[in-house]
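Please consider the protein shown below. The briefing that follows covers its surface, its overall make-up and selected residues.

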Amino acid sequence: MASLNKLAIRGIRSFDDKQISIIEFFTPVTVIVGHNGSGKTTIIECLKYATTGDQPANTRGGAFIHDPKMANEKEVKAQVKLRFRAANGMRMLAVRNLSVTMKKTGAMTMKTLESILAVDNDAPKSSKRSAISTKCAEMDAEIPHLLGVSKAVLENVIFCHQEDSYWPLSEPGILKKKFDDIFEATRYTKAVDSIKALRKERVADLKTEKERLNGLSREKSDADKLRARITEMHSTIAAKEIEHEELKRGYDILVSANQKFYDSATRFREIYVQVENLQEKKKHYQEELDSARENFREISGTEEELAERLRNFDDHIMQQKRKRKSEESKMEDIEDELKRTRHAHSAKLTDKGQLEGEAKAQEERLLKREGIIREVSTKYQLQGYDHSPLEREKIVEFIDRLHALQKRQNQETDKLQNESKQNNDEYNSKSQQLHAQLQRSKTQKESCRESLTNLNNQISTTEREVDAAAGLSSRLRTFEVDIEEKQSRIQKIEDEMKAANYDERLGEKNTKIRNMELKRDELNAEVLTLSQQAESRARLELKREESRARTSELKNTLDINNSKFRQFVGADAQAETMEQEVERVLMEKERENATLQTSSDTSGKNLQTISMALSNLREQVKLKKAQIKDLDTKIREGLEDQFTSTKEAIEDTQRELASREEELHKNEGAAGACDAFLRTGRTKKHCALCERTLDERTLLVYEKNVNVLMEDSSPAKVKAAKEDIRDWEQELKRVQALGLLAAERDKLKSSEIPVLEKQIQEKEAELPSATKVAEKALERLNEVKQELVEIAGMKQHAISVSKLHREIQRLTRDIASIESDLLSTGSTKTAEDAQRELESIRDEIRTNERERQALTIEKERQVKLQRSHENDLHALQMDLNEVKNQLRDKAAMEKRIEQMKSEVASTSARLKELDTAIADAEAPIQKLNQEHRQQELAMSRKITEAQRTSRDLNMDVDKLETENKAIERHVRDKRGRLLTETIQEIEDLQSKIEDFNKDLESLRAVMNAIDKEINQSGASVANLRENIRVRRLIKDIAATQAKIDTFDMEEAAKAKRNFQEKYPIEKQRETDMQSKYAHIGGELSTYEQQLKVFEDDMKKRYTDIGKKYRDQLIKVKMSDMANDDLEKYAKALDNAIMKYHSLKMEEVNDTMRHLWNKTYQGTDIDGIKISSESEGGATKKSYNYRVHDKHRI
């Protein structure tokens, strides 16, 4: 039997990474006791990690390892070592290493380092260990195998975490998974899940394949129809080709005959056409002749003489043109030269203006320079420069004297500044010496003051420490007494442990328990063998029970569906043939359903068409009425309650417009008449209408009345009247638009809406009959569909019947096989006898384990008590040493206090001496500062005055030099002489321009004379050409008439009549036959194109459609059968797992009952057990496990 020996932990959770903690495990049990957070759970976690490689939950980020922050390290390495004895008795060693690193961001990174699984040899001389594996994955699988238990048992039973110890009370699903892992049935459960998932995927795929099969079936049907159409199309094309060939032969004969008739009539027709062309040509010549005679003056002479005159005239004109071109070239040259001269003249004028401006600026600069010289000489008292103009020598002399004055002033300023600097340097040197002496005294004073403060603080602290150490002597005596007492107790405990002899007694118990465990293992192996045979018997019973259940289920299914089966088939259902009969009836009903579906769709579409038409008509009527309402609203708003109808509004608007137009015409005509009347009355003194004489008073009245009339016909009034007429025209257009809206409304009311309402009545009359037909077809279709649903449901039952029948046959074969296997085996001991003997051994083992545990506990208690006394003794000895050290420190502190008090007195005397020295050093510094300030103020005033004088002198010198430089530059560049030269050049250029203008005028006169001659020659040439053209036209007319007279027009007219009577009839026959021939050819081409399309569709869409349909049908049937087999396998394996769970759970409940009776001493609960919710009454069990307790009654 496997057992644990020692566990070494370093750097895990609260265990330090600097030292290794070793835990030794004793037989039969080791109890771990400690405070919260002391590491009890960590030991269990380390055992689980060493054996399974699994860390505790929520520790992946490094929480399982000792915190680097607490260790003050960036990296912490951890190690777990486990020494154990394997199930085969071999001593093994497992080592697992980890590390965690702290990043700069504060995050931690954990790594799994090298791990070792090795054999630990028992020989004391051999210190070598042979390594088995260094890979974590291999160790995770190898260690549970060596321990003889599964990983699930290690995780959930042996090394179960305290937070997970309540898993037997978990939800049924979690509990079932735990038991699968413990019973090692997980792989079979996964196999069941895989089979179910595979069947689910295959069922989904089967649906897709069935849909594809249906699609291929429809495509196969379409391919058959298309193949029939292709055959029919071939026969139609053959018939059309025969008819096309017959028409082609008849058409060719008729075309040949018509061509011969046309060729015979072509000669006469050509003569007739030629005569018509000649007559047309003659007419054209005559028209040109009449047009030419209207626009020419006839010239005597022959045509040759006129042509000669025309040729010579052109040569003369060409000579004149060449002459004009030569003169024009000369004129262009002169114009170019004139342009260049004018450009040069303009440039010289610009230069002249610039030079004149510079001369004027030079004069101003000279005047300004003399003014500056007079001002500066007066300012600095320089005599001899107050007259004007100043000579050049005087100006040079003045500038030199001014520079000398500037130099003397600058030297004076520099002298004052140097003197000020020397005074400052002398002051700084003296001040630094006095301040350095003062600062030394202050530094010494501050140092003495700090020393005095520190000494006083040290004296106070030391006195407090001496006072606190007053009771050390009494504590020293107390510690000495306690140490003697602890030493006596420890000696007493050691004597008791030596007398009890715990190690020898524990070794005897361990040997006895080990022998019993070996015997128990032998009995377990024997029970396992008997259990395997029991499993065969249980499997046989399970098979028989399953066979009976399947037979009963088959019979019940047949009884339930027999009445419906007899209704549709006409006979009782049989398990062997039920599925085939139902499939046949289903196919017949599906064909009937397809026929009824087509009929129902047709009637439904007819009803839908009528309903949609009726709905559309009603919607149109609704829209028309809404449109009428909208039109009424617009008309009412447009009439604005002034008129009852649009016709009345239009007539009223037209009357208003006519009256205003008439009034406008009157006013426009009255303006001129009133003006004439007014002039007549003023000049002749009588009225122009009534001839009445007007005196002065009457004339005034007459003028007033005429002026009133003129005001009415004034332009402003006329303009206003026109604007009013335009407004009324707009109003008329608006009212006329309302009239159109009224006409549209009347049309909607009188014609469109009644027609729609009549159509609605017709559709409403058709609706009931169409509804009745559709409802009747739908009712019959629903009946057939309901029958199909019933047959489909019965088909599922038929499939279940066939499947049950096959399963019953398979179970019968399995039962016979298991019965034959059991008959060939036998045993002398029953499983119950072996189980009773095993229980007896287990009771003895438990008794010995309790005794060993009691001895171990007593030994541990004595060891713990001894260690406690030793720890107390060590603590007392440490306290004793500490008290002795404190007494020595107390004597040293008292001596130190006396020394510090003497130092305080000497430091205080030194402080007084330093205060007197500081006061004596501050008086010379103040006196020096006052003298320096007065001296610096006087020197500053002198320097400021000298700098101001130098600045003013420098500014005057700069101003004078700027003006003098500009004057000298003007003289140096000789700008005055350049101005004189420029004026002379301008005069020369002006005379050249006048000469060029004279030459241009003479050339223009010569060219005008040549142009006049050339222009007048055009009319003469045109007249000559018209005379020549007229004479040629007369000749052409005569020649054309001569050609016309040479043709026989009577014979041509006769041939034309014959051609016009017969040829159109024959040509129409040819056209009709060609049309028929082309029509047949078009039909034939259309059929051939359709045939090509059908054949292409057959090749592209329906290639190998029969083979594809057959293969898909086979695939669907095979997939359906495979899905049925997968369902059977899944159910069989699930039932086997359930039976296995039941057997194992019985063993677990027996163990729990035994342990409960041995450990629980209460009287309220007899025991606990784990059971399925459906156990004890239902035929089928489930995995919904629950923990139940059995109470005593």
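**Surface and overall make-up**

The accessible surface of the protein is about 77800 Å², and carbon and sulfur atoms account for 51% of it (Shrake-Rupley method, 1.4 Å probe; for residues, only the protein chains shown count as cover). This is a predicted model, in which local features need pLDDT of at least 70, side-chain atom pairs count only at pLDDT 80 or more, and totals for chains, interfaces and linings use all residues. Residues are numbered from 1 along each chain as its sequence is written, and side-chain values use heavy atoms, with hydrogens and water left out.

**Fold**

- The protein contains 18 helices and 9 strands (DSSP runs numbered from the N terminus: helices are H or I of at least four residues, strands E of at least two).
- Of its 1193 residues, 30% count as buried (under 20% relative accessible area; exposed is over 50%, partly exposed in between).
- Among contacts (heavy atoms within 4.5 Å) between residues at least 6 apart in sequence, 77% join residues at least 24 apart.

**Negative patch**

- Glu494, Asp495, Glu496 and Glu870 form a negative surface patch (residues with over 30% relative accessible area and no salt bridge, like charges being joined within 9 Å; a salt bridge is a side-chain nitrogen of Lys or Arg within 4 Å of a carboxyl oxygen of Asp or Glu).
- Helix H9 (residues 472-500) supplies the largest share of this patch, 3 residues.
- Glutamate 496 lies in helix H9 and, at 40% relative accessibility, counts as partly exposed.

**Aspartate 205**

- Aspartate 205 belongs to helix H6 (residues 186-293) and is partly exposed, with a relative accessible area of 46%.
- Aspartate 205 and valine 1116 are 911 residues apart in sequence, yet 9.6 Å apart in space, C-alpha to C-alpha.

Methods. Patches are made of residues with over 30% relative accessible area and no salt bridge: like charges are joined within 9 Å, nonpolar side chains (Val, Leu, Ile, Met, Phe, Trp, Tyr) within 5 Å. Lys and Arg count as positive and Asp and Glu as negative; His and the chain ends are not counted. The place of a charge is taken as NZ of Lys, CZ of Arg, CG of Asp or CD of Glu. Buried means under 20% relative accessible area, exposed over 50%, partly exposed in between (1.4 Å probe, protein chains only).
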